[in-house]
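Hello,

Here is the structure you asked for. My notes on the packing and the rings follow below it.

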Amino acid sequence: MSKRLDTTPKKDEFRMPGEFEQHKQCWMIWPERTDNWRLGAKLAQKSFAEIASAISEFEPVTMGVSKEQFSNARQMLPDYIRVVEMASNDSWMRDVGPTFVINDKGEVRAVDWKFNSWGGLVDGLYFPWDQDDKIAQKVCEIENVDTYRTDGFILEGGSIHVDGEGTCIVTEECLLSKGRNSHLTKEEIEEKLKEYLNIEKVIWIKNGIYNDETNGHVDNICCFARPGEILLAWTDDEKDPQYNISKSAYDLLTNETDVKGRKLEIHKIHIPNPIVITKEESEGVDAIDGTLPREEGDRQAASYINFYIANGAIIFPLFNDEKYDKLAEEKLKEVFPDRKVVGVYAREIILGGGNIHCITQQQPLGKSIG
Ligand code: KQY
């Protein structure tokens with residue numbers, strides 16, 4: 001049985017592990033909404049199936065699927081991927097799923113953040129979001145994991161990255177956005193992160209990737225490879241609007257230390273050449289009031305940082321970019337010499353507003369019941 005707890009992970013000595021620590025499994029949600037995914041979501045489903053299959057070479061994958069899509073998903077996914085019926089509003093497990101925390105005994109619990117579609121009625125991406133806000137609890141019911149619910153504090157999993165040793169990175173653009181916790185000061189938000197992730201230091205970079213519809217989630221611009229080491233999305237093109245954003249993050253991170261006093265080693269990964277929505281792609285998306293439109297010519301927030309760290313592997317997005325796909329792969333191999341680096345073509349995912357990290361959520365290997 002999964003219980004709601006009224007303490008906090010910090011009080012109970014549970015911490016969020018780094019993504020590079022060992023996993024029990026990966027969670028995903030099947031895409032189907034036709035106002036976000038073009039051509040009835042068929043192409044996105046194929047991409048999600050490819051990503052799930054790539055991850056399942058390294059750790060078990062569970063896919064949440066609506067009752068309408070259950071049979072289709074079941075036949076599109078290999079047998080060894082577990083498929084469970086789960087209502088949702090879309091398919092961003094990183095943001096709507098639980099943030100798992102562990103303690104020194106290997107017990108696993110989870111934080112169930114309140115979710116409001118990346119900005120609620122201020123600048124949220126679709127309405128309603130009531131089913132998405134129940135996903136974390138549903139996952140934890142299936143896994144018999146007790147949860148900390150943060151009513152009164154809104155957060156998505158893609159807006160935080162931790163090193164598992166007490167340091168967290170976030171962007172001001174996202175965590176201080178009007179549509180999330182505008183009733184709280186920056187210091188109060190920092191206190192919430194400290195309580196629920198059991199960290200002691202928050203590093204605030206200013207912005208995320210240019211034009212990122214999540215108000216600049218950190219998981220698209222930088223992440224920890226391991227404690228003390230960071231990967232940062234970069235461009236050498238000073239005319240690109242991404243240049244000043246990445247330069248400002250680089251300067252800030254270069255002068256920062258983590259909670260243990262270590263200087264951060266920063267690895268730059270160049271973004272792909274600009275990716276824009278074509279006329280055909282735009283016309284394939286249903287227009288619905290209340291959902292962010294997908295318009296021809298819109299630049300996508302494409303970045304290779306949006307990869308998933310699986311047990312023994314890195315699953316990263318490819319964009320068919322002749323130069324930068326290869327460079328990203330080489331850099332990832334250099335930074336993660338002990339992991340297999342696997343690229344999966346992910347244009348369909350970026351057209352929906354995110355990438356591989358945004359559609360996955362790791363569950364740490366602990367000794368949770370069930
Ligand atoms: O990138 C993400 N973490 C989520 C993007 C949501 C896009 C909704 N259309």
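**Cores and rings**

In this predicted model, methionine 28 touches Phe48, Ile51, Ala52, Val61, Thr62, Met63, Gly64, Met93, Ile359 and Thr360, leaving aside residues up to four places away in sequence. Met28 belongs to the largest nonpolar core, which has 49 residues. Within that core, Met28 and Leu77 touch the most other members. Helix α2 (residues 42–56) gives the largest share of the core, 7 residues. Another core, of 41 residues, lies apart from it and includes Ile169, Ile275, Tyr304 and Phe316.

Next, the aromatic rings. The whole structure holds 11 aromatic pairs. One of them joins phenylalanine 115 and tryptophan 118: the ring centres are 5.0 Å apart and the planes stand at 85°, over the 60 degrees needed, so this pair is edge-to-face. Both phenylalanine 115 and tryptophan 118 are buried.

Phenylalanine 307 and phenylalanine 336 are also edge-to-face, because their planes are at 80°, with 5.9 Å between the ring centres. Phenylalanine 307 sits in the loop between α11 (279–283) and β14 (308–310), and phenylalanine 336 in the loop between α12 (324–335) and β16 (340–345), so the pair ties together parts that are 29 residues apart in sequence. Phenylalanine 307 and phenylalanine 336 are both buried.

Trp37, Phe48 and Trp92 make up one aromatic cluster; Phe48 is also among the residues that methionine 28 touches.

Which rings does lysine 268 lie over? Lysine 268 is over the face of tryptophan 234, 4.0 Å from the ring centre. The charged end of lysine 268 also sits over the ring of tyrosine 250, at 4.5 Å from its centre.

Regards

Note on methods:
Residues are numbered from 1 along each chain as its sequence is written. This is a predicted model: local features need pLDDT of at least 70, side-chain atom pairs count only at pLDDT 80 or more; totals for chains, interfaces and linings use all residues. Side-chain values use heavy atoms; hydrogens and water are left out. A nonpolar core is a set of buried Ala, Val, Leu, Ile, Met, Phe, Trp, Tyr and Cys residues joined through side-chain atoms within 4.5 Å. Buried means under 20% relative accessible area, exposed over 50%, partly exposed in between (1.4 Å probe, protein chains only). Helices (H or I, at least four residues) and strands (E, at least two) are DSSP runs, numbered from the N terminus. Contact means heavy atoms within 4.5 Å. Rings of Phe, Tyr and Trp (its six-membered ring) pair if their centres lie within 6.5 Å; planes under 30 degrees apart count as stacked, over 60 as edge-to-face and the rest as tilted. A charge sits over a ring if NZ of Lys or CZ of Arg is within 6 Å of the ring centre and within 35 degrees of the ring normal.
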